Amino acid sequence: MIPRLHARAHSPRDPLAEALGRPLSPHEGLTEYTVVAHWPGLGYYTPDDEQKTWTSVEWAEHLEDPYLEHLFAASPDDDRHAILHLDVRLHPDDRELTGPEWSETAHRFARAAGIEVPGSAEHGWRWIAVQAQPGRLDLIANLIHVDGTWRTPPADILQRLAGEARRIEQDLNLIPVRTGTTPRSAARTVPSASAQLAGVLTQLADEQVGPLATVRGLVEHTAYRIALQPGAAGTDTAHRLELIARRLHAIQQDLDATAAHLAQPGVAAPAAAPGAPPTDLCRRNVSLPRTTDRFLDIRRDPHSGELLARGGDLEAHSILQRAGFVAVVRLHESYHRAPAGLSEDDESRLATDAVGRLRAVGYHVDCDEPFDTEARPAAYPTLGASVSHLAERLREATDTAEAAGILTELTAPHDGILAGFEETLGALAEFFDGLGDASDPYTARRLRYLADEYVRVIHSDLAHTRERLADRHAPHPARRACAEQVPDHEPERSAVCACPPPPRALPALAPRPVGAARLRR
């Protein structure tokens, strides 16, 4: 059982959607089997157990109420990020817990986190516990007390949660963190060279006792402590540390997948034959440390049945999203899933199309058998690629006039890229205005706010920069053409051109001897 504390948020909607694994809905009611526990004082405010029929949106509004009741409540750092989100994950080999066991676990973690005080049923802090995904429990709380005071979590909250997790494991007869037997341990017992290498990689990537997991835990704890410090600098530093922790988790996943592959009987790395043509990875000029980004896995999750795509680099993610997948970004991992509401046949067609597109541009895709395909759809240049071409032209620009001309493509008031982007946001806002959902008008207003307050500011600043470049009429000092001459003011007679020498060309191959059948060693 591993507890994880997320960064505090201003709204409970995103944490609740993450706990449910799906967007909030004003029509879907959450039963007592989903919200397995809540703060004891809820019964004083909702007679006749009306919360049993609440939708996910109503539960989110319930957690948001302290913001409306206490408009001036703020943390010691003078912020309003009062939503505490904690999730607990069981070992994959643990038994399924019953509803009362989940409820007891939730109350024990709430007391360990300091948001539930025994003996004060009608007082305290609003919190709920959601059990909507296999082997996972999410606890979401508002740190604003019913009397308007702010509850700051204890400084040693991580140690308290970890200690309580160990006690719950013992009480409920769950697999302990450090002594759990996993399928990976079997790979270390196979007396082969590949299994021994797999054992080394498994030890590095082990989630409980591996060195990478230890480093990641320290980075996460440091990010949490820094986020509590006042000032924007602490928030930025904490965000950078969270990104580092996410990269460490991606490395663990890659090592774990490689260890599982090596542990399979008869697996050996294929040796390239002399004179063999280069692979797709070599043709695409991918450097060795990044080759793992060329591998993806598109399968149905064995526990939830969801269609998931994992792995790949940014180019692969773009292909997945153009094929119809939806990106899911978590603190420690990023993956893609099929859109909600699709039938199994539609999901199969979606996955098959994505496999063909990815393999067509050189990606190695492991997939379930129904998704395997020999189709290789043609790839065409995207609109974003044509915009990125402007960056290449700017890197080659030699004077301010050329740079100003390129920048005009962005800032032209009628048909520039930013003008089109602003118009697109307006059209998208109009689209949301007519959808009919309760949250759609808010989304439309948000889009118009982005267009008015952000895009126009960027447009104005870049237009001003373009005008300054157009007025300068100056060559770039580091990109001028080489005249191969020594300046007139140079006093040394031995001086040569100061430009860097051109790159050395490879020597031409000698002609093949006449009559030679093959090269000799």
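Select Trp59, which is buried, with a relative accessible area of 2% (buried means under 20% relative accessible area, exposed over 50%, and partly exposed in between, with a 1.4 Å probe and protein chains only). The model is predicted, so local features need pLDDT of at least 70 and side-chain atom pairs count only at pLDDT 80 or more, while totals for chains, interfaces and linings use all residues. Residues are numbered from 1 along each chain as its sequence is written, and side-chain values use heavy atoms, with hydrogens and water left out.

Trp54 and Trp59 form an edge-to-face aromatic pair, 4.9 Å centre to centre with 75° between the planes (rings of Phe, Tyr and Trp, the last by its six-membered ring, pair if their centres lie within 6.5 Å; planes under 30 degrees apart count as stacked, over 60 as edge-to-face and the rest as tilted).

Of its 49 residues, Met1, Leu16, Trp59, Phe109, Ile115, Trp127 and Leu139 touch the most other members. Among the elements that give two or more residues to this core are α3 (56-69), β4 (127-133) and β5 (136-142) (helices, H or I, of at least four residues and strands, E, of at least two are DSSP runs, numbered from the N terminus). The helix α4 gives the most, with six residues. A second, separate core of 20 residues includes Ala338, Leu350, Ala351 and Phe371.

Now colour β5, where seven of the seven residues are buried, so the strand is largely enclosed by the rest of the structure. Arg136, Asp138, Ile140 and Asn142 lie on one side and Leu137, Leu139 and Ala141 on the other, and both faces are covered. β5 runs antiparallel to β3, to which seven bridges join it (two strands pair if DSSP finds at least two bridges between them), and Val88 has Leu137 as its bridge partner. β4 also pairs with β5 in the antiparallel sense, over five bridges, with Trp127 standing opposite Ala141. Two residues separate β4 and β5 in a hairpin, and Gly135 in the turn has a positive phi of about 70°.

Finally, move to Ile417, which lies in helix α15 (residues 417-433) and is partly exposed, with a relative accessible area of 31%.

Notes
A nonpolar core is a set of buried Ala, Val, Leu, Ile, Met, Phe, Trp, Tyr and Cys residues joined through side-chain atoms within 4.5 Å.
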